[in-house]
Structure formats: C-alpha cells, structure tokens
Amino acid sequence: MADIVLDKVTKKYPDGTTAVHEVDLEIADGEFIILVGPSGCGKSTTLNMIAGLEDISSGELRIAGERVNEKQPKDRDIAMVFQSYALYPNMTVGENMAFPLRLAKMDKALIKQKVDDAARVLELTEYLDRKPANLSGGQRQRVAMGRAIVRSPKAFLMDEPLSNLDAKLRVQMRTQVSRLQKQLNTTTVYVTHDQTEAMTLGDRVVVMRGGYIQQLGDPQTLYDNPKNLFVAGFIGSPSMNFLSATVEESLLRTPLGDLPLGDRLRSSLSGADAPRQLILGIRPEHFEDARLIEEHQRERGFEFTMPVDLVESMGSDKYVYFTVEGEHATAADLEDLAADAGGADLPPQDSLVTRLSAESRVRDGVDARVWMNLDKIHLFDPRDGRNITLHEDKTAGVTTV
Amino acid sequence: MAAATTSAKVKWGVLDAVVVVFALIPVLWIASLSFKTPATLTDGNFIPREWTFDNYKLIFQTDQFVRALINSIGIALISTLIAVVLGTMAAYAISRLDFPGKQLLVGVSLLIAMFPQVSLVSPLFNIERNTGLFDTWPGLILPYITFALPLAIYTLSAFFKQIPWDLEKAAKMDGATQGEAFRRVIAPLAAPGVFTTAILVFIFCWNDFLFAISLTSTERSRTVPVALSFFTGASQFEDPTGAISAAAVVITIPIILFVLFFQKRIVAGLTSGAVKG
Ligand SMILES: Nc1ncnc2c1ncn2[C@@H]1O[C@H](COP(=O)(O)OP(=O)(O)OP(=O)(O)O)[C@@H](O)[C@H]1O
Ligand SMILES: [Mg+2]
C-alpha cells in the first residue's frame, strides 16, 4: 500500500500529440480514485504512465514518496487489470493467478495457498483447472482481478475493467469491485468513461477532458457543484438541462419565463466582468409537479406551464419531457459533450427533462404546471464554461486545476 | 455446427472425399509404380499385379541417392532453422515496434519474394564460382534463406499480429522482464505460427530444383530432386521409371514426418480466451 503522487505529469507522444497536460494529482494511501472523461481524454495514457507502460515526458511520479519515473513496471509493484482482461490463454486459471508469484520466485506451497485464498474470495475455486477460453465473460473478469490481488501489490490500476460485460453483470461486478477494494484497502486508480461507475465507486473522482483535469472531488461535490459546463453535463444521468438565459435588470430571461434573481444569483452576477448572456443549468430532479409542492416551498421556486411531450413512468418517479421554444444554449463545452455520445447522455438541445414524483398526474400532450427549484440553478459563462454561481465556500473540498 | 443436418454432413463428406481423392491419386499412382516390376510397369493397372521391392533396394544401393538424401536433409534443416530464427525476430519487430525504415523493410522483403528466381541463377552461378561457394552446402543454404525469409517474415508477422499485446503488458505488470514476457507468454502463443512457418520453409527448400541443379555439380552437394533427374536405373539401357518412383516416395517421407511431428503443436485457436468474452 502506498500513496501515488503525480507532479505536473505530461505525456507527449512521438507524433506530437500531447495526451496529458501537466496533471497534478495526489492519491492518498488506500484511496479509490476514478479517472473519468470522454473517449480520448487521456485516461488510459495517465494510467499507463503510472503503470510504467508509457514513459513520462515531463513531470514526476512518486509512489510511496519515491520517484519512479525511470523504474520498469515490474519494479513498481503495481498490479493492473486490463479492459481486455489479458489472461494468458495457454495457462489455466490457477496458473494465470500464480504467474506473478512464480515470477517473484515465491515458494510453491505459499503460491498455492495464496491462489486458493484469492480464488475463494472471487468464487473461482471450481474453475482453477480450466483454461480462460472456457470461462464466461464475468468469470474471466474475476480471474483478471484475481491475478491482480494475489500478490498484494502497492496499488491496483484498472482500465475500464467492466466495459466488456453486459449491463446486469456490470452492476454486480461493480459492487464486487467496491467491496473488494474496501476489504483490501489498497490504493486503486480506476479508469472509466461511465459516469455511473464514477459516481458509485470512487472516494474521489477526477473528470478529465482533452488531457486536462477539469475537476477533482468527491462524487457528491462534483454533482452538486460542478466547476464548469463540461463537468455539469458529464456527471449525472439523465444529464443536466441547459437553457440560454439573459440578465435584465433584476430578472433572468429564459425560455421558461422570467426568473427573479434571488440574493444568491444576484451576488454571483455582481462582478464587474459578469456576462449578461448566460447558460442556465438545472438538473431534472429539481423540478416538481406544481400541485404537489407545499406552500412554504412555493416561494423558493418558479412555476411555469408547458405542454407535455412525453411521460416515462419509472414506477418510483416519472420522467417528463418538454420542448423548449426559443434560443438554444450554445457553448463549446456543450458541443464537446454532444460529440461524445459515449460519456454523457445529453438530451437534444431543445428538450427539457424533468423528474417528477410518481403521484404526479401529468399526461402526454396536456399542459402541465411545473415548479422549478431556484436554489438549485447554476449559471455558466458561455465563453469559458465557468460556473459563476459556484461560491468559494462551496469549493471547499474541490481542488481546482 | 452441432446442429448440422445429416444432408449437410453427407454433402460435406462427399466434397471432402472428392478433394482428397483428387489430391492423392497422383501420389498413389507413383507409389504403385514404385512397387511394380519393369515388365508390368506400363500395364496400366492401379494395383500392381506383381509386387516387388527391387526398386527400393536399387536406389539405396546407389551411393548417389543416399548421398543426395543426406544433402537434402542437411541443407533443408539448416536453411529452415536459420530462416525461422531470423524471420521470428524480424516479424516480432515489424508487428511490435515502430522504427524508421519499417515500411522499406517490408517492401524490400516483398520484392525479393516476387523476384523471378530464374533471372538470378546466372549471376549467382558466377558469384559462387568466384567465391568458392559453388557446389557446397552453404552455396545452396544462402540462396534458400534469401528466398525463404520473406515467406517466413510474412507468415510470422501475421501470427504475431494476432497475439494481443495486452498480454505482454500484463506480463510486465505481473513482474516479468521483457525477455521473460517473450519467453513465457508470447513465445508459447507464437509457437503454432513458428511451426507452420518452419513447415512451409522446409518444403520450399526440400522441393527446390532450380538452384539445386544450377549451383551444384557433384554428389558433394547435390540434393534429391536433382539426383532424381540423373537417375539411370541399374544399367544404362534400363528404364529408370520404377527407381525414380521409389525415390519419389522415399523423399516425401521426411516431409510427412516433419508435418506430423509439428502438427501436434499447431493447435488452432490457441489464443482464444485471452481477451474479452
Ligand atoms: N501511441 C500513441 N501515439 C499517438 N497518440 C496517441 C497514442 N496513444 C494514444 N494517443 C492519443 O492520446 C490521446 C489520449 O488517449 P487515451 O488512450 O489516453 O484516451 P482514453 O481517455 O483512454 O480514451 P478511451 O476512453 O477511448 O479509452 C488520444 O487523443 C489518442 O489519440
Ligand atoms: Mg482508454
């Protein structure tokens, strides 16, 4: 077990692409940290540099306080689980798991004991003599995990280990990974582009984009206080709604109507360089059927009436879709998000997604009166995507780039 | 395939049989000739009416044939060994590394493979006369390696490309050095490819006639295909067909042995199960 520190780590490939730009990251001993971001943002590159499979172009990588830039992967004492599992097809499950121990010239009896222990934890005991070709996807995945845990390394690195499994198995394995990590309490760096995995697994989440860290924080902080449009749109499913908004006197003109500017929003907009053209962000769960709102809550929100496009009843609650007329929110960040269909499931720009209580009586095609929680509104500067409603006190616990 | 119907099985069975018969008839015909006596040689019977081993006795009595057999085996084995070792290294580098001149290397080796060998015979003849390589084992081994290498590089790099490189990375993460990763993970997986290539190269060297007839002049280095063409039978007036047939049968035996020996190692689909699900 050890802590891992990335100090201005940069990766420049020979062809000139800079995949990772001066990344600073301190991973505490025993922490479970998630690297998340759209395809091509440099997650795997970062992980491979920690592993030693890619050279570090500049900056320093320290494991347990010791500089390891020049060390071979085998001397770093780190185990890795690959997206492809990378099981040795010519060896049985048992031999696969024993391989790192045999390379370490460990005593035969001890190897057997360790492999048996790991197999028991991962429920692989009955498959020890099989070849990987005769295992199911989930079992292969567990063998890959087993090979990583047998030798109790300083840290685990996992590159999208669950992305080859089907949805149901993925959920199962997710809990298993989480439990295993807690049990072993080994520093873990986990790469995914699935924001659900990011939210549920990690102690802290690093959102990356184009080789830069966008935001680093615990999942709830990222969800509640995204630093910019990109993080706001990337984290959360369904994703945050974005609307164009204009400041006029003490009002915020939006396609939903003119919103009053409360103290909170007013103070964010008080700065000299505060833009007048904004993007308003609000999550689906911060809407409610106006009839179900209690009187004391009513004044904290804003009500509007709109025809319902579609109602999806999930049982526990209802997703209600509306079409927003007028100008769409546009910003470079939003286009990036839309381009990466794999990461965020961003709804079409003119649609508004709301999550209402199951008791709501709204129906397709009929006008509905909807309440929106003004306390939960985020305002973004469309020029650089910055969240201007994010106050310093709220950034506590959020490390900036 | 478990659900193949009976009619489909019959169809494939018949088709397979036709192909096998088509390929085997000439071989069996030669084998049949080799057991016939000179008198019945041309009777047109597929199964010899009178069986004889005289032809076989005859060829092993002549020093020419035995000597040629030794030359053939030695030259083919040495060429195969060298070509496969060099080819493995080159193919590994081609499929694994990005180095300047890689495309050039691939292009040049393709060029060599396409080059008409006939056009090289006279220059090679002159070169070997001047360097003293003419009518020696190295005099044949060298050109064989030249022409077998492109073949080896091509087949082997196709095999190497099939091996997921994640395996090598995984081995390194598991604590292996570059050498250990190659020896314990990559090599066992590449083995079928190496053996397949070895067979192909061996057959190429074994069957060559052009270089063997042009670059040899005595029994010192004459290989079997050439020796066969010099066969005359027991006396000058005797028809050597029977003896040639017997020799032809004998020289296919090493190839069959070679294939059978390595076939066990060519387990298709060995890499399945390495990745994904
Ligand atoms: N060997 C290489 N040479 C040049 N550029 C590379 C190389 N490997 C990766 N890149 C580039 O570096 C960037 C980051 O790649 P990386 O594999 O780290 O992305 P990723 O975040 O893991 O994406 P994904 O989610 O698709 O796996 C990409 O733009 C990619 O094209
Ligand atoms: Mg990746």
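Me: OK, taking a helix as a DSSP run of H or I with at least four residues, numbered from the N terminus, which helix supplies the largest share of the shell around ligand 1?

Reply: That would be α1 of chain A, residues 43–51, which contributes 3 residues to the shell. Keep in mind that this is a predicted model.

Me: How many residues surround ligand 1, and which are the closest?

Reply: There are 13 around ligand 1, and the closest are Ser39(A), Gly40(A), Lys43(A), Ser44(A) and Thr45(A).

Me: And how does that shell divide into nonpolar, polar and charged?

Reply: You get 7 polar residues, 3 nonpolar and 3 charged.

Me: Let's talk distances. How far is the polar side-chain atom of Ser44(A) from an oxygen atom of ligand 1?

Reply: The Ser44(A) side chain puts a polar atom 2.5 Å from a ligand 1 oxygen. There are backbone contacts too: a polar backbone atom of Gly42(A) sits 3.0 Å from an oxygen of ligand 1, and for Cys41(A) the corresponding backbone distance is 3.1 Å.

Me: What share of ligand 1 does the protein bury?

Reply: Ligand 1 exposes 640 Å² when taken alone, and the protein buries 62% of that.

Me: Switching to chain B. How many helices and strands does chain B have?

Reply: Chain B has 11 helices and 0 strands, so along the sequence the pattern reads α-α-α-α-α-α-α-α-α-α-α, going by the DSSP runs.

Me: What does the C-alpha trace of chain B span?

Reply: Roughly speaking, about 70 × 65 × 30 Å along its principal axes. Chain B has 277 residues, and 40% of them are buried. The accessible surface of chain B is about 15,000 Å², with 71% of it on carbon and sulfur atoms.

Me: What part of the chain B contacts with a separation of 6 or more comes from residues 24 or more positions apart?

Reply: In chain B, 73% of those contacts.

Me: One residue I keep clicking on: where is Thr136(B) found?

Reply: Thr136(B) is in the chain B loop between α5 (118–131) and α6 (137–162).

Me: Is Thr136(B) buried or exposed, and why?

Reply: Buried, because its relative accessible area is 15%, and the cut-off for buried is under 20%.

Me: What lies by the polar atoms of its side chain, I mean Thr136(B)?

Reply: The backbone oxygen of Leu133(B) is 2.5 Å from a polar side-chain atom of Thr136(B), and the backbone nitrogen of Gly139(B) is 3.2 Å from one.

Me: And which residues does Thr136(B) contact, leaving aside neighbours within four places in sequence?

Reply: Arg220(B) and Ser221(B).

Notes: Residues numbered from 1 in each chain as written. Chains lettered and ligands numbered in written order. Predicted model: local features only at pLDDT ≥ 70, side-chain atom pairs only at ≥ 80, totals over all residues. Heavy atoms only, no water. Helix = DSSP H or I, 4+ residues; strand = E, 2+ residues; numbered from the N terminus. Buried < 20%, exposed > 50% of the residue type's maximum accessible area, 1.4 Å probe, protein only. Polar contact = N/O pair within 3.5 Å; in protein donor to acceptor, adjacent residues only side chain to side chain. Contact = heavy atoms within 4.5 Å. Near = heavy atom within 4 Å. Areas by Shrake-Rupley, 256 points an atom, 1.4 Å probe, with all protein chains shown as cover. Nonpolar A, V, L, I, M, F, W, Y, C, P; charged D, E, K, R; others polar.
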